[in-house]
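Please keep the sequence and the structure in view while reading.

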Amino acid sequence: MKIGIDKIGFYAPHLYVDMNKLAEARNVEPEKFTIGIGQEKMAIAPITQDPVTLAANAALGILDDEDKASIDFVIFGTESGIDNSKSAGVYVHRLLGLNPYARNIELKQACYGATAAIQMAKGHVALNPDSKVLVLASDIARYGLHTSGESTQGAGAVALLISAEPKIMALEEHSAYLTDDIMDFWRPIYSDKAFVDGKFSNEQYIVFFQKVWEAYKAKAGLGLADFEAICFHLPYTKMGLKALRTILDQGSEEDQERLLANYKVSTIYNRNVGNIYTGSLYLSLLSLLEQKEDLKDGSRIGLFSYGSGAVGEFFTGILQPDYRNYLNIAHHSNLFESRKEITVSEYERIFEETLPVDGSTVELGIANDPAAICLSGMQDNMRLYVNKLHKTM
Ligand code: CAA
């Protein structure tokens, strides 16, 4: 039985900052951000969007009534969750009107969370072939204003429906994974911003990639020639390129050209959104699938997942017949086109906005947010959400 990605959706908030303007405001050369880091635009979440609403908006675009009835497991991968106890997925469950006879959990291991969710979903479907699992990958990446990580922030979510006989990509058997207790990036429970040892994190990302790639080759007996493309976790688009370059000499000139060209296509969406942490790898996959029109059915795609702290995994999938017919290309292109640029000072003001932590009531201006699902306020230490389509509170 084939198991894999049946549907894939994406959502980013409607606001962004131009990286050239951020560079100017931070007194650095724009090319550092646009070439050295490889980012053009950075998605900014208004206070009316949080990891719950981003995920719900991503899933809203792909699920039909039949999916909603047959999903019996929701797994929410995030490292910027809103509650230390309750799964963010439970809110999404209600906002989307999913079948209540289902499991729902939140998973955390930095940017690796969604990959763990997909592997767990695969096991669940193997045991329950009629099940569908909704995997949500949603984050707001925050390092702080004027920090060296600032240019690698972003916000957004990817929703994946995992099922038997998937229409888009079947996951293959082999995968290689690795854990090592390191402090390259972390976020203590008392902080809403990440701490990072930037250079060390770059170094470890590459070390993890090389180790899981070698372990994967030994398990699967495959090499670069067997891959049409390799997608990477992309904290910023230059990062995956640095890792890819370290193994390119294992392939022919043709392999190198193909992998580099496809890498570029796989970074288009990320370049315009920024780091969305656990969803980044899947945003890159989406970019490749939607933006490379001549990618053939049957192609093997490699996926490198990295979650600081750290866990890494390399696994693969095969594109299914007519997979392009099941993508949401027009919807995603409309989402990108309808975004609004904000100034650096507007971004700074939004970045500093906070929700009450003393139980007081606040009502937020959701009329300014075009998203269907928004955070509408807080009351008694509870977040209030609205689905404008259903008027669900
Ligand atoms: N023109 C072109 N390139 C330029 C340039 C110019 N005018 N000026 C500088 N550059 C280049 C530099 O040469 C450098 O390129 P290389 O890395 O290829 O050498 C690049 O721009 C970045 O310059 P710096 O290294 O000086 O940048 P920095 O010290 O400000 O920090 C960073 C960069 C370490 C990525 C920092 O933004 C950061 O800490 N980000 C958060 C951590 C992160 O994303 N780590 C990635 C791995 S960890 C992970 O993947 C998990 C996760 O999601 C966080």
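Ser175 is buried, because its relative accessible area is 11%; buried means under 20% relative accessible area, exposed means over 50%, and partly exposed lies in between (1.4 Å probe, protein chains only). This residue belongs to strand β8 (residues 169-179). Helices (H or I, at least four residues) and strands (E, at least two) are DSSP runs, numbered from the N terminus. Leaving out residues up to four places away in sequence, Ser175 touches Gln119, Tyr216, Lys219, Glu313, Phe314 and Phe315, where contact means heavy atoms within 4.5 Å. With Glu313, the side chain of Ser175 also makes a polar contact of 3.0 Å. A polar contact is a pair of N or O atoms within 3.5 Å; within protein, one must be able to donate a hydrogen and the other to accept it, and residues adjacent in sequence count only if both atoms are side-chain atoms.

The model is predicted: local features need pLDDT of at least 70, side-chain atom pairs count only at pLDDT 80 or more, and totals for chains, interfaces and linings use all residues. Residues are numbered from 1 along each chain as its sequence is written, and side-chain values use heavy atoms, with hydrogens and water left out.

**Domains and cores**

The protein chain is divided into domain 1 (3-168 + 327-387) and domain 2 (170-322); these bounds come from an automatic or database domain assignment. The centres of the two domains, taken over C-alpha atoms, are 20 Å apart. Across the boundary, 58 residues of domain 1 are in contact with 48 residues of domain 2.

In soluble globular proteins, nonpolar side chains tend to be buried together. A nonpolar core is a set of buried Ala, Val, Leu, Ile, Met, Phe, Trp, Tyr and Cys residues joined through side-chain atoms within 4.5 Å. Which residues have the most contacts inside the largest nonpolar core? They are Phe10 and Leu134, in a core of 84 residues. Strand β7 (residues 154-164) gives the most to this core, namely eight residues. Domain 1 and domain 2 each supply at least three residues to this core. A second, separate core has 43 residues, including Ile44, Tyr236, Leu259 and Val344.

Apart from neighbours within four places in sequence, Phe10 is in contact with residues including Ala58, Ala157, Val158, Val273, His332 and Phe336.

Val133 is found in strand β6 (residues 132-141). It is buried, because its relative accessible area is 0%. Beyond residues up to four places away in sequence, Val133 touches Phe73, Ile75, Ala121, His124, Val125, Leu160, Leu161 and Ile162. Val133 and Val207 are 74 residues apart along the chain, and their C-alpha atoms are separated by 32 Å.

Gln210 lies in helix α7 (residues 198-220). Is Gln210 buried, partly exposed or exposed? Gln210 is partly exposed, because its relative accessibility is 31%. Between Gln210 and Ala243, 33 residues apart along the chain, the C-alpha separation is 7.7 Å.

**The ligand**

There are 26 residues around the ligand, and Glu29, Lys32, Ser148, Lys199 and Lys242 come nearest; a residue is near a molecule if one of its heavy atoms lies within 4 Å of it.

| Side chain | Ligand atom | Distance |
|---|---|---|
| Glu29 | nitrogen | 2.5 Å |
| Lys199 | oxygen | 2.5 Å |
| Ser201 | nitrogen | 2.8 Å |

On its own the ligand has 1,100 Å² of accessible area, and the protein covers 76% of it. Such areas come from the Shrake-Rupley method with a 1.4 Å probe; for residues, only the protein chains shown count as cover.

**Backbone exceptions**

Most residues other than glycine have a negative phi, and most peptide bonds are trans. Asn27, in the loop between α1 (19-25) and α2 (30-37), has a positive phi near 60°. Asn27 is exposed, because its relative accessible area is 74%. Ala110 also has a positive phi, of about 45°. Ala110 sits in the loop between β5 (103-107) and α6 (113-127), and is buried, with a relative accessible area of 10%.

Which residues are joined by a cis peptide bond? Gly309 and Ala310 are, with omega about 0°. Ala310 lies in the loop between β12 (300-307) and β13 (311-319).
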